[in-house]
Amino acid sequence: MSTGRNTTTRDQHRRAIARTKPPCALCEQPIDYTLRSPDPMSFEVDHILAIDNGGPDTLGNKQASHRKCNRAKWNRVGVEPRSFVTSRSW
Ligand SMILES: [Zn+2]
């Protein structure tokens, strides 16, 4: 029986996604999995169909994203122009 602690499931999903280190599903740039929240470039789980819109809390409805990309999605859902110009020298 469920104990009502679904944060465990979320944690498992998060680890399952991070294990294969996929690129960001939103901007398609690689994710540095060593970064930690609240770094805007850190890994965050994105719900393909938002929970608020009836999306299931399953692994199949989740994908990897940058924290900043996930946040931007909430403000504006749409196709972003490829404006990631790497003019910066790291
Ligand atoms: Zn991204």
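**Zinc site and buried residues**

Mentor: A polar atom in the side chain of N61 lies 2.9 Å from the backbone oxygen of P56. This is a predicted model, in which local features need pLDDT of at least 70 and side-chain atom pairs count only at pLDDT 80 or more, while totals for chains, interfaces and linings use all residues. Residues are numbered from 1 along each chain as its sequence is written, and side-chain values use heavy atoms, with hydrogens and water left out.

Trainee: What makes the N61 and P56 pair a polar contact?

Mentor: A polar contact is a pair of N or O atoms within 3.5 Å; within protein, one must be able to donate a hydrogen and the other to accept it, and residues adjacent in sequence count only if both atoms are side-chain atoms. The 2.9 Å between N61 and P56 is within that limit, so the pair counts.

Trainee: Why is N61 called buried?

Mentor: Buried means under 20% relative accessible area, exposed over 50%, and partly exposed in between (1.4 Å probe, protein chains only). N61 has 8% relative accessibility, so it counts as buried. N61 lies in the loop between β1 and β2 (62-66); helices (H or I, at least four residues) and strands (E, at least two) are DSSP runs, numbered from the N terminus.

Trainee: How do you know which atoms coordinate the zinc ion?

Mentor: Donors are N, O and S atoms within 2.8 Å of the metal (3.2 Å for Na, K and Ca); water is not among the atoms, so sites may look incomplete. C24 (SG), C27 (SG), H66 (ND1) and C69 (SG) are at 2.0 to 2.4 Å, so they qualify as donors. Along the chain, the donors follow the spacing C-x2-C-x38-H-x2-C.

Trainee: Why is the zinc arrangement called tetrahedral?

Mentor: Four donors count as tetrahedral if all angles lie between 85 and 135 degrees; four count as square planar and six as octahedral if opposite donors are over 155 degrees apart and all others between 65 and 115, and anything else is irregular. The four donor atoms here subtend angles of 99 to 118°, so the arrangement is tetrahedral.

Trainee: What does I31 touch?

Mentor: Contact means heavy atoms within 4.5 Å. Leaving aside residues up to four places away in sequence, I31 touches P22, P23, C24, M41, S42, F43, A64, S65 and H66. Two of the zinc donors, C24 and H66, are included there. I31 lies in the loop between α1 (7-19) and β1 (43-47), and its relative accessible area of 11% makes it buried.

Trainee: Why does S42 count as buried?

Mentor: S42 has 1% relative accessibility, so it is buried. S42 is placed in the loop between α1 and β1, and a polar atom of its side chain lies 2.6 Å from the backbone oxygen of D39.

Trainee: How confident is the predictor in the protein chain?

Mentor: On pLDDT, the predictor's confidence in each residue from 0 to 100, the chain averages 84, and 76% of the residues score at least 70. Where pLDDT is low, the predicted coordinates should not be read in detail.
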